[in-house]
Structures are given as structure tokens and as C-alpha cells.
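Here is a short briefing on one protein chain. Look over the sequence and the structure, then read on by topic.

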Amino acid sequence: MVMPAVPTMKVHLNVNVMLGFLEVDLIVPTLMNVGAALVITMPPALTTKVLLFVSVMLDIDECLNNSCHGNASCADNDGSYDCQCNVGYSGNGFNCSDIDECLASPCHVSADCANNEGSFLCECKNGFSGDGFNCSNIDECWTNLCHVSASCTDNEGSFVCECINGFSGDGISNCANIDECLSISCHVNGDCLDSHGSYICRCKTGFKGNGTFCENIDECLSNPCHGNASCTDNQGSFDCQCHVGFSGGGFNCSNIDECWSNPCYHNATCTDNEGSFVCQCNVGYSGNGFDCSNIDECLSKPCHLNASCADNEGSFDCQCNVGYSGNGFVCSNIDECLSNPCHVNASCGDNEGSFTCQCRNGFAGNGLTCSAFTGIQMDVQYSGYAGDTLEITCTITGPSLPSFERRNNSMILSLSARVKIENNDQVSKLFVRKTAKSDSGDYYCIASKGIDTINSSVSVEVKVIPVVAVSPLYVSATEGITVLDKCRNDACAGHELKKVERIRKSTIVLTS
């Protein structure tokens with residue numbers, strides 16, 4: 001059973017029971033007398049209630065109910081207790097007040113002291129590291145706190161950032177490039193090039209030096225131009241120009257074919273060379289190629305002596321003379337008699353460059369034509385007017401008598417009462433009486449003997465006398481015109497046409 005509620009304390013007991021050794025903790029009244037009987041209920045595994053008689057000497061812990069200060073600690077003693085102020089406080093234990101430890105400068109010289117309730121804190125200042133009691137300088141420059149274009153200088157407990165040369169700013173967040181070219185003067189033939197934090201004076205192209213002094217470079221000394229170009233050095237530069245006869249920029253030059261523009265005379269040949277050209281007069285011409293005149297080659301007698309030379313424009317022709325064959329430079333005699341050029345009744349004689357044909361005895365002609373008839377002659381006796389008699393005499397020299405033909409509108413002459421032919425030895429005569437206009441035409445005299453024929457002709461025109469009526473006594477008129485006259489009143493009375501006279505030159509005179 002449990003005792004009525006009284007002040008209790010915890011007691012540790014070792015109990016030796018019949019079933020073994022039992023170790024238990026008991027809560028007993030603080031005022032329990034020695035020898036007091038306790039009834040203990042054993043654990044469920046033990047069903048036996050044991051009555052123990054405990055002999056206990058108990059010390060009272062006054063600290064469980066003490067009057068020490070809240071910032072003090074209680075120390076229980078045998079039959080008493082002590083109150084002692086905690087560290088950081090001062091007093092008798094029943095009254096304790098905070099001690100300001102910082103007044104004694106307990107921290108490092110490079111640390112700050114912070115007094116707390118019952119304690120204090122030492123903390124190294126910025127730029128130092130440690131526990132506050134020992135502080136050492138921090139090298140901030142290791143952490144690259146400065147700008148990338150600034151230099152860092154570490155001091156005791158601090159650092160300094162300063163922009164390097166060529167930059168301006170606070171060194172920490174800003175270092176801007178300084179354009180020195182705004183205040184620096186390079187050479188007049190040099191350029192100022194601002195760089196990151198610096199600058200460069202550099203001579204311009206075509207000049208050499210350190211930029212503060214520059215002098216011209218003669219680029220032509222290094223032969224920069226093409227082999228067919230000329231180099232001209234200028235102040236700070238140079239020019240390449242292709243030679244005459246070449247085209248290009250001077251660094252690359254190619255030959256110009258001047259012949260494409262036909263610079264030569266039209267009777268000359270153009271030959272293009274590397275960088276130039278040549279004009280040469282064609283064969284048969286003389287001159288400088290820009291002006292060419294024809295050469296008369298015939299003056300030098302280039303042809304065969306039996307050939308003729310014909311000068312042409314720029315050339316000449318040699319042609320063998322008649323009677324010779326060849327190319328004009330070599331000519332040989334032609335035997336024309338081989339081709340029988342003469343008449344069958346003639347003989348052929350070949351000569352140097354020619355031949356002769358001669359009629360054989362009994363024949364007459366030029367050898368090309370040979371005839372047994374050696375001549376023919378026709379004579380005409382005729383007034384020319386209709387009604388009169390036409391007489392034609394044909395005389396030949398040869399073995400046959402001649403005959404006559406009249407050819408006018410395909411009409412053939414035939415004998416009649418008006419037409420008569422008389423033959424006497426080698427003479428034939430044709431008579432045509434009472435001629436009419438239809439008797440006009442060509443009259444042929446023809447004589448033949450074998451293959452030989454000879455002929456001749458005369459042209460005859462028959463004119464008709466006009467009929468004219470005239471009044472009063474005479475009138476003149478031209479042939480072919482009919483003159484008509486009528487008598488008026490009594491002008492023609494007692495007159496009649498008695499005589500018509502024909503006068504030559506076709507003038508007609510009429511008388512009464």
C-alpha cells in the first residue's frame with residue numbers, strides 16, 4: 001500500500017528476496033523514520049508480497065527547495081547547502097548582478113568586446129580572423145575583391161583597390177579604359193591605336209618607324225609589281241602600272257592582243273607579240289605595215305620570155321603567150337598543126353609560138369578558109385521606083401556559074417515573064433521588069449562547086465510613085481504624101497492635068 005501523500009524522495013534499494021536479488025527504486029517520504037515498514041508490490045512475475053524492513057539513513061537536499069538567486073547555483077552539503085553567483089555575476093549567491101567583463105579588455109587588440117548578461121563576446125574586427133582572443137590580419141587581396149583592371153594592396157585589417165595605368169575609377173566596381181589617343185600625339189604619318197589600358201603609336205602603311213617618328217618606305221625596292229609593269233614610289237604608297245601592250249592592275253598584267261583592233265593596213269598582216277605587235281605588208285605590197293602600196297612585180301620581169309605579165313593588186317599573173325603552153329613561168333611552143341587548124345585544102349606550118357595556113361594551088365583564101373572560087377562581085381542598076389526594070393549583074397571567079405535567090409518574107413525567086421536570067425561565061429544577069437513593091441528584098445548571088453560555096457547579096461527597095469491631084473497648075477510634094485486640092489468657084493475652070501514630071505529627091509512638080 002502507499003502512504004498518504006507527504007513529501008517524498010527517491011530511494012534506490014537493493015532487496016534480497018527468496019526468489020533472487022531485486023533492485024528497485026522507491027519513492028519514500030522525506031520524513032520517514034528509520035525502521036519504518038514498507039509494503040512493496042512486486043513485479044507481475046512475482047506473486048508473493050514481501051514485507052521488507054528497511055534501515056535507511058536519509059540526507060535532505062536543500063537545493064531542491066532553496067532560496068538562491070536566479071543567476072546563482074546551489075551546492076548541497078551534508079546537512080546544508082551553498083548559493084554561489086554564476087560566472088559573469090557577482091554577489092553572495094542570494095543576490096547576483098552582471099559583471100561587465102569588457103571593462104577588463106579581455107579580447108585581442110584587433111577584436112571588439114560585447115558584454116552579455118552573465119558573459120561577454122570577443123569578435124575579431126573586419127580584416128582580421130580568429131576567436132577574438134587571438135586575431136590575425138586577413139589578406140583580402142586573395143579573394144579578388146578589386147576590379148579586374150585594378151591592383152589590390154593589402155593593409156593591416158584592410159585593403160586598397162586602385163585602377164591600373166590606362167584605367168580610371170574606384171578600383172572596386174569600376175575601372176574604365178582611358179583613351180590616351182585623345183591626349184597623345186603620334187607622328188603625322190603615324191596612327192594612335194588605343195588599347196585596353198594602353199595605346200600604340202604605329203606608322204601608317206608605307207612608312208616605317210616607331211610611330212613617334214615615321215619615314216617613307218620605297219616599296220619599289222622589293223619589286224612588288226608584275227614583271228611586265230613599272231613601279232612608281234609615292235609618299236606612303238606606290239603605284240604599279242602595266243607596260244604598254246599589257247593590261248591589268250599592275251600586280252597582274254596580261255598581254256594585249258592588239259591585232260584584235262586591226263591596227264595594220266588592210267593589205268598587211270598583224271602579228272601579236274608579248275607586249276607589242278608587228279604590222280607587215282602582205283606579199284605583193286611594200287610599206288611599213290601601216291601604209292602599204294602595191295608592188296608592180298612585172299617590172300622585174302618574173303614571167304617567161306614567151307609569157308605576158310599582168311600586175312594585180314598585191315600579186316601578178318604570168319600567162320603564156322598564144323602559141324605557148326605552161327604556167328607562165330615556164331612556156332613551151334605549141335604545135336598547133338597537130339590539131340589541124342587549117343582548111344582541108346590548105347597546108348599547116350608550125351612556127352615558134354604560132355602557125356601558118358596556106359591554101360594549096362587552085363584554091364584561094366587565108367588558109368583557114370580555102371575556096372575554088374576566088375571572087376564574087378554584084379552590081380545593081382535600078383532607079384528604085386516601081387514600074388522600072390531592076391538589073392543585077394553577078395560576076396564570079398571560079399569553076400561554076402552563079403544563080404540568084406531573093407529572100408523577102410521567105411519568098412524564093414522564080415522565073416516568069418517579068419523575071420529573066422542571062423548567063424555568059426562567069427557572068428550572070430538578073431532582070432526584073434515592071435517592078436512592084438513586092439519585089440523589095442535581099443537578092444543573093446550563089447555559086448557552088450563540091451563543098452565550096454561563094455555568095456554575095458544586095459538589098460533592093462522598090463518605091464511606089466504617089467498619085468497626086470493638083471490645082472491649079474503645079475505643086476510640090478514629098479513621096480508618100482497625097483496632096484488633095486479642090487477647085488473653088490471658077491478657079492479651076494479650063495485647066496486639066498497634061499504632064500507629070502518626076503524629079504529626083506522625091507519632089508513632084510506638076511504642070512498643066
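The S-S torsion of Cys181 and Cys192 is about -85°, so this disulfide is left-handed. The model is predicted. Its chain has zero helices and 45 strands, and the structure holds 25 disulfides.

- The sulfur atoms of Cys181 and Cys192 lie 1.9 Å apart.
- Cys181 sits in the loop between strands S16 and S17, and Cys192 sits in S17, 11 residues apart.
- Cys181 is partly exposed at 22% relative accessibility. Cys192 is partly exposed at 24%.
- Cys141 and Cys152 form another disulfide, with 2.0 Å between the sulfur atoms. The link is left-handed, at -80° about the S-S bond.
- Cys141 lies in the loop between S12 and S13 and Cys152 in S13, so the pair ties together parts 11 residues apart in sequence.
- Cys141 is buried, because its relative accessible area of 17% falls under the 20% cut-off. Cys152, at 28%, is partly exposed.
- Cys242 is joined to Cys253 by a disulfide, S to S 2.0 Å. The torsion about this S-S bond is about -85°, so the link is left-handed.
- Cys242 belongs to strand S22 and Cys253 to strand S24, 11 residues apart.
- Cys242 is buried at 14% relative accessibility. Cys253 is buried at 10%.

**Nonpolar core**

- The largest nonpolar core has 18 residues. Leu390, Ile392, Leu430, Tyr443 and Val460 have the most contacts inside it.
- Strands S38, S41, S42 and S43 each give two or more residues to this core. The largest share, four residues, comes from S38.
- Beyond neighbours within four places in sequence, Val460 contacts Tyr382, Leu390, Ile392, Ser440, Gly441 and Tyr443.

**The S42–S43 hairpin**

- S42 and S43 run antiparallel, joined by nine bridges.
- Two residues separate the strands of this hairpin. Gly450, in the turn, has a positive phi of about 65°.
- Lys449 has Asp452 of S43 as its bridge partner.

**Whole chain**

- Of the 512 residues in the chain, 30% are buried.
- The chain exposes about 33,100 Å², and carbon and sulfur atoms supply 51% of that area.
- Among contacts between residues at least 6 apart in sequence, 29% join residues at least 24 apart.

**Confidence**

- Mean pLDDT is 80, and 78% of residues reach 70 or more.
- Residues 15–22 have pLDDT below 50. This stretch has 12 contacts in the model beyond near neighbours in sequence.
- Residues 478–512 also have pLDDT below 50, with 57 contacts beyond near neighbours in sequence.

Notes. Residues numbered from 1 in each chain as written. Predicted model: local features only at pLDDT ≥ 70, side-chain atom pairs only at ≥ 80, totals over all residues. Heavy atoms only, no water. Core = buried A, V, L, I, M, F, W, Y, C linked by side-chain atoms within 4.5 Å. Buried < 20%, exposed > 50% of the residue type's maximum accessible area, 1.4 Å probe, protein only. Contact = heavy atoms within 4.5 Å. Pairing = 2+ DSSP bridges. Areas by Shrake-Rupley, 256 points an atom, 1.4 Å probe, with all protein chains shown as cover. pLDDT = per-residue confidence, 0-100. Disulfide = S-S within 2.5 Å.
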